[in-house]
Amino acid sequence: MTNRTFTMIKPDAVEAGNTGAIIKLIEEAGFQIVALKKTQLTPAQAGKFYAVHSARPFYNDLCAYMSSGAIVPMILEKDNAVADFRTLIGATNPAQAAEGTIRKLFAKSIEANAIHGSDSDENAAIEGSFFFAQTEQF
Ligand code: CMP
């Protein structure tokens with residue numbers, strides 16, 4: 001059982017005006033918002049955040065895309081947060097995402113896929129601290 005995960009609403013979903021609708025689904029699924037802000041990454045910051053993918057063919061495009069507009073990072077709290085949040089957002093590729101998931105509802109493509117969700121407790125802590133100090137968290 002884990003208590004916290006990290007997410008960010010990506011530039012495609014923020015630009016499309018879907019921030020509020022996505023946060024509503026997150027809260028309705030039982031997640032509490034521990035920290036939230038609206039910001040924009042530089043290409044270098046996006047590269048650092050996604051460094052684990054630096055050998056992948058999509059890395060340069062991903063960094064350009066993730067720094068192309070505003071994002072809304074959040075730390076969320078719930079029992080079993082990491083696994084339950086990944087169920088809520090659905091598969092990375094929206095074409096494979098289950099009905100009712102955030103990516104099925106809002107993602108435009110495998111790259112512009114509306115939202116990120118941490119894949120482990122360890123990465124949730126690392127990714128959360130990338131954007132938020134302890135003093136910004138409830
Ligand atoms: P995310 O869950 O944030 O983690 C890595 C991101 O890389 C992923 O969401 C997508 O935005 C992007 N991504 C993953 N696979 C591909 C791919 N095959 N082509 C393009 N972008 C991808």
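A: In this predicted model, a polar side-chain atom of Arg103 lies 3.2 Å from an oxygen atom of the ligand. A polar side-chain atom of Asn113 lies 3.3 Å from a ligand oxygen atom, and a backbone N or O atom of Ile110 is placed 3.5 Å from an oxygen atom of the ligand. A polar contact here is a pair of N or O atoms within 3.5 Å; within protein, one must be able to donate a hydrogen and the other to accept it, and residues adjacent in sequence count only if both atoms are side-chain atoms. Of the 460 Å² of accessible area that the ligand has on its own, the protein covers 80% (Shrake-Rupley method, 1.4 Å probe; for residues, only the protein chains shown count as cover).

As the model is predicted, local features need pLDDT of at least 70 and side-chain atom pairs count only at pLDDT 80 or more, while totals for chains, interfaces and linings use all residues. Residues are numbered from 1 along each chain as its sequence is written, and side-chain values use heavy atoms, with hydrogens and water left out.

The residues around the ligand (a heavy atom within 4 Å) are Lys10, Tyr50, His53, Phe58, Leu62, Thr92, Arg103, Ile110, Glu111, Asn113 and His116. By class, this shell has 4 nonpolar, 4 polar and 3 charged residues; Ala, Val, Leu, Ile, Met, Phe, Trp, Tyr, Cys and Pro count as nonpolar, Asp, Glu, Lys and Arg as charged, and the others, Gly among them, as polar.

The ligand sits in the largest pocket, in the sense that more than half of its atoms lie within 2 Å of the pocket's grid points. A pocket is an open set of points on a 1 Å grid over the protein atoms alone, where a 1.4 Å probe fits, with protein on both sides within 12 Å along at least five of seven lines; lining residues have an atom within 4 Å of a point. The largest pocket holds about 670 Å³ of space and is lined by 26 residues, of which Tyr50, Val52, His53, Leu62 and His116 lie nearest its centre. Two or more lining residues come from each of helix 3 (43-49), helix 5 (81-89), strand 4 (115-117) and helix 7 (121-131). Helix 7 gives the most, with 4 residues. The lining has 10 nonpolar, 8 polar and 8 charged residues.

Conventions:
Points joined across faces, edges and corners; volume = space filled by probe spheres on them.
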